[in-house]
Amino acid sequence: MAKKVAVIGAGVSGLTSIKCCLDEDLEPTCFERSNDIGGLWKYTETAEDGMTRVYWSLVTNVCKEMSCYSDFPFREDYPNFMIHSKFLQYLQEFAEHFNLLKYIQFKTTVCSVTKRPDFSTTGQWEVVTETEGKQQRAVFDAVMVCTGKFLSPCLPLESFPGRQSRRFHLLYLQE
């Protein structure tokens, strides 16, 4: 019987983690709290869920040869440095090509990940998730946390003197 792996997040790392699990004959289940793949690469006007997002005019600063998955290069017609929507399109193509979407539970928040009482002998984890107000529990042999280091915005504004003034906010917004 294949080992069950919980993958938290369906962004760049989560998608490749699902694929790697499949390559190793593992059984992945990915939990994605939004309604789509892409993580921070999925631009939205507002970040109501508290997650960071790319900004509208973002262009990658790493060439396509260095930012692609090793087994799925960018198409030739893609620009060398691309806007966020083109990179998101690449992630969608990757997910479709390797049939990864069927392993993802969208609009599902991971509430907790805890060691099972018999963890020392089984190495298993209990994962509690919530979808549309309903909680579920499942047991996994491994957990991959693929939420990325940019999940939460880091705005150390309190370290800037005068940040309460109107002038500061106008300068900050202009940059």
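# Questions on a predicted model

Me: Where is the place of isoleucine 83?
Reply: In this predicted model, isoleucine 83 is in the loop between helix H2 (64-67) and helix H3 (84-97).

Me: Why does isoleucine 83 count as partly exposed?
Reply: Its relative accessibility is 46%. Buried means under 20% and exposed means over 50%, with partly exposed in between. The value of 46% falls in that middle range, so isoleucine 83 counts as partly exposed.

Me: What do Val59, Phe81 and Ile83 form on the surface?
Reply: Val59, Phe81 and Ile83 form a nonpolar patch, and their accessible area together is about 260 Å². A residue needs over 30% relative accessible area to belong to a patch. Isoleucine 83, at 46%, is over that cut-off.

Me: What makes strand E1 largely enclosed by the rest of the structure?
Reply: Four of the five residues of E1 are buried, so the strand is largely enclosed. Strand E2 (residues 27-31) is mostly covered, with four of its five residues buried.

Me: How do you know that E1 and E2 pair?
Reply: Two strands pair if at least two bridges are found between them. Strand E1 (residues 4-8) and E2 have five bridges and run parallel, so they pair. Among the facing residues, lysine 4 has glutamate 27 in E2 as its bridge partner, and isoleucine 8 stands opposite phenylalanine 31 in E2. E1 and E2 also belong, with helix H1 (residues 12-23), to a right-handed β-α-β unit.

Me: How many bridges are there between E2 and strand E3?
Reply: E2 and strand E3 (residues 104-105) have two bridges, in the parallel sense. Phenylalanine 31 has glutamine 105 as its bridge partner in E3.

Me: In what order do the four strands form the open sheet?
Reply: The order is E3-E2-E1-E7, with parallel pairing. E3 and strand E7 (142-145) stand at the edges because each has a single partner strand, which leaves one side of each without a neighbour in the sheet. E7 is joined to E1 by four parallel bridges, and in E7 alanine 142 stands opposite valine 5.

Me: Why does threonine 29 count as buried?
Reply: Threonine 29 is in strand E2. Its relative accessibility is 16%, which is under 20%, so threonine 29 counts as buried. The C-alpha atoms of threonine 29 and valine 5 are separated by 6.3 Å, although the two residues are 24 apart along the chain.

Me: How many aromatic pairs does the structure hold?
Reply: The structure holds 13 aromatic pairs. One of them is phenylalanine 31 with phenylalanine 140, whose ring centres are 5.9 Å apart and whose planes are at 85 degrees. Rings pair if their centres lie within 6.5 Å, and planes over 60 degrees apart count as edge-to-face. Both values meet these cut-offs, so the pair is edge-to-face. Phenylalanine 31 is in strand E2 and phenylalanine 140 in strand E6 (residues 134-140), so the pair ties together parts that are 109 residues apart in sequence.

Me: Why is phenylalanine 31 called buried?
Reply: Phenylalanine 31 has a relative accessible area of 5%, which is under 20%, so it is buried. Phenylalanine 140, at 2%, counts as buried by that rule as well.

Me: What makes lysine 19 and aspartate 23 a salt bridge?
Reply: The N to O distance between their side chains is 2.7 Å. The limit for a salt bridge is 4 Å, so the contact qualifies. Lysine 19 and aspartate 23 both lie in helix H1, four residues apart, about one turn of the helix.

Me: Which side chain meets aspartate 71 in a salt bridge?
Reply: Lysine 19 meets aspartate 71 at 2.6 Å, N to O. Aspartate 71 is in the loop between H2 and H3 and lysine 19 is in helix H1, so this pair, 52 residues apart, links distant parts of the chain. Aspartate 71 is partly exposed at 36%, while lysine 19 is buried at 8%.

Me: Why does arginine 137 count as exposed?
Reply: The relative accessibility of arginine 137 is 58%, which is over 50%, so arginine 137 counts as exposed. Arginine 137 forms a salt bridge with glutamate 126, the closest N and O atoms being 3.0 Å apart.

Conventions. Residues numbered from 1 in each chain as written. Predicted model: local features only at pLDDT ≥ 70, side-chain atom pairs only at ≥ 80, totals over all residues. Heavy atoms only, no water. Patch = residues over 30% accessible without salt bridge, like charges linked within 9 Å, V, L, I, M, F, W, Y side chains within 5 Å. Areas by Shrake-Rupley, 256 points an atom, 1.4 Å probe, with all protein chains shown as cover. Buried < 20%, exposed > 50% of the residue type's maximum accessible area, 1.4 Å probe, protein only. Right-handed = clockwise from strand over helix to strand, strands pointing away. Phe/Tyr/Trp six-rings, centres within 6.5 Å; stacked < 30°, edge-to-face > 60°.
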